[in-house]
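Student: Could you show me how to read a few features of this model?
Tutor: Gladly. Let's look at it together.

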Amino acid sequence: MTGTQQKRRYRSYLLIILGTGIMSVAINSIYDALQMVTGGFSGLGIVIKSLSENWIDGGLPLWFTNAVLNIPLFFLGIWIKGWEFTKKSVFGALCLSFWLYFIPPIPLIQDDMLLAALAAGVIMGVGIGCIFLGQGTTGGTDMAAALIQHKLRGYSIPQILQVIDGSVVLLGIFVFGIHKALYAAVAIFITSWTADRFMEGMHFAKGAYVITEKEELVSKRIMEELNRGLTGIYAQGIYSRQDRKMLFCVVGKKELVKLKEVVEETDPEAFVIVTDVREVMGKGFTKEKG
């Protein structure tokens, strides 16, 4: 294993540790405190904790439930998929149980369910995003869906996951009522949106396609005045059958207005298409530039 691979491996496990710690804050301080069931083993643990309060003072703790529910999945995962598939899920689940045990509930938001759902969704999404960036999982229903899909090839993992998590949310409705379940649905949406944005990168930019008869003048001004490179893409107009060069350029959001001004001043007849760029990697895109 090279030094770069070793660094990536350490970074991966550090992201899983960080992500599970962030997740545990949302679970202990908001989801469990307000009894919002959002699916997964954490949601199932909240239901089990509430139902077991009649026999155990305070109910079964979430860290214990998470660990116990994952144990049979780990053995199945090793048996069916092998250790390489399972090892990061084992590590993630152990980290989550560790943080659930050691991080105490923090009274973040107690009197506003909507604000709590929004906050929980953002916190949970950031945590899940970190774990996914580390190419890991926390076991739970994600692993259960992957193992079931190994036998039910006709269904995708997301489809199976929806059924499993939907069943957990449905169980939460019966235990805590529809009112809290609706707020949990809001949190689920925010979690998914936040995790996607976190993984795609928060350094957004704009991509511009410029079709112009004066590509040399336009490209020269863009390179000189915006200090951005361009790519020439050979294209053909379907109606005119004329070959021409279409310019493609990626700029920061603040630079888009300047780019459009340059194009309009140089060639008022130019055709410009602007698209969103979620993440940019490469020379010229630093925080100062983007």
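Tutor: A term to begin with: two strands count as paired if DSSP finds at least two bridges between them. Keep in mind that this is a predicted model.

Student: Which residue in E4 does Ala208 stand opposite?
Tutor: Ala208 faces Val274 in E4. Strand E1, residues 205-211, pairs with E4 in the antiparallel sense, over seven bridges.

Student: What is the order of the strands in the open sheet?
Tutor: The four strands run E2-E3-E1-E4, with antiparallel pairing. Strand E2 (231-236) and strand E4 (271-277) are the edge strands, as each pairs on one side only. From one strand to the next, the twist averages 25°.

Student: How do I look for empty space inside?
Tutor: Rolling a probe the size of a water molecule over the atoms shows where empty space is left. Here, searching the whole structure turns up one cavity of 30 Å³ or more. The largest cavity holds about 30 Å³ of space.

Student: Which residues line the largest cavity?
Tutor: The lining consists of Ile27, Phe41, Ser42, Gly45, Leu62, Thr65, Asn66 and Leu100. Helix H2 (40-51) and helix H3 (62-80) each supply at least two of the lining residues. By type, the lining has four nonpolar residues, four polar and no charged.

Conventions: Residues numbered from 1 in each chain as written. Predicted model: local features only at pLDDT ≥ 70, side-chain atom pairs only at ≥ 80, totals over all residues. Heavy atoms only, no water. 1 Å grid on protein atoms, 1.4 Å probe; cavity = no way out; pocket = protein on both sides within 12 Å on 5 of 7 lines; lining within 4 Å. Points joined across faces, edges and corners; volume = space filled by probe spheres on them. Nonpolar A, V, L, I, M, F, W, Y, C, P; charged D, E, K, R; others polar. Axes fitted to C-alpha atoms, helices over the stretch in contact; angles between N-to-C directions.
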